[in-house]
Amino acid sequence: MKTLHFLVIGKNQEILDTLKRIIENNEGWTAEIQSDENFCYQYIQDNPVDIVLLSSGLDDHFEQAIKEFCNGLDKEVKVIDHYGGGSGLLKNEVYSLFPNLQG
């Protein structure tokens, strides 16, 4: 199974903690959570990140900027706008980006 590395960005710590737990309940999935928008750019450059998961509380300008940043990288980093809906929705969002993971 492919390992997926997530960077979860948002402003609500309780939601970030929940997302980390949900993500890491899946075999091979790891998550780093971050609420400091400025730190995210360097983290993405310096670490293996497959998915940037945008959670609640972020402003539109940052969301657009981080998407453009990820699209401009030499490595492929996918971005998911995730604002709730439970673990089933999150899995569907991930599997739509990585259909080969469904077994």
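Is Glu-37 buried or exposed? Glu-37 is buried, at a relative accessible area of 17%, where buried means under 20%, exposed over 50% and partly exposed in between, with a 1.4 Å probe and protein chains only. The views below start from this residue.

This is a predicted model, so local features need pLDDT of at least 70 and side-chain atom pairs count only at pLDDT 80 or more, while totals for chains, interfaces and linings use all residues. Residues are numbered from 1 along each chain as its sequence is written, and side-chain values use heavy atoms, with hydrogens and water left out.

**View 1. Glu-37 and Lys-11 form a salt bridge.** Their closest N and O atoms are 3.7 Å apart; a salt bridge is a side-chain nitrogen of Lys or Arg within 4 Å of a carboxyl oxygen of Asp or Glu. Glu-37 lies in helix H2 (residues 37-46) and Lys-11 in the loop between strand S1 (4-9) and helix H1 (13-24), so the pair ties together parts that are 26 residues apart in sequence. Helices (H or I, at least four residues) and strands (E, at least two) are DSSP runs, numbered from the N terminus. Lys-11 is partly exposed at 43% relative accessibility.

**View 2. Asp-81 meets Lys-67 in a salt bridge.** Here the N to O distance is 2.9 Å. The pair links distant parts of the chain, with Asp-81 in strand S4 (residues 78-81) and Lys-67 in helix H3 (residues 60-71), 14 residues apart. Asp-81 is partly exposed at 33%, and so is Lys-67 at 23%.

**View 3. Helices H2 and H3 pack roughly parallel to each other.** Their axes are 11 Å apart at an angle of about 10 degrees; angles under 35 degrees count as roughly parallel, over 145 as roughly antiparallel, 65 to 115 as roughly perpendicular and the rest as oblique. Axes are lines fitted to C-alpha atoms, for helices over the stretch in contact, and angles run from 0 to 180 degrees between N-to-C directions. Contact means heavy atoms within 4.5 Å. On the H2 side are Glu-37, Cys-40, Tyr-41, Ile-44 and Gln-45, which meet Phe-62, Ala-65, Ile-66, Phe-69 and Cys-70 in H3.
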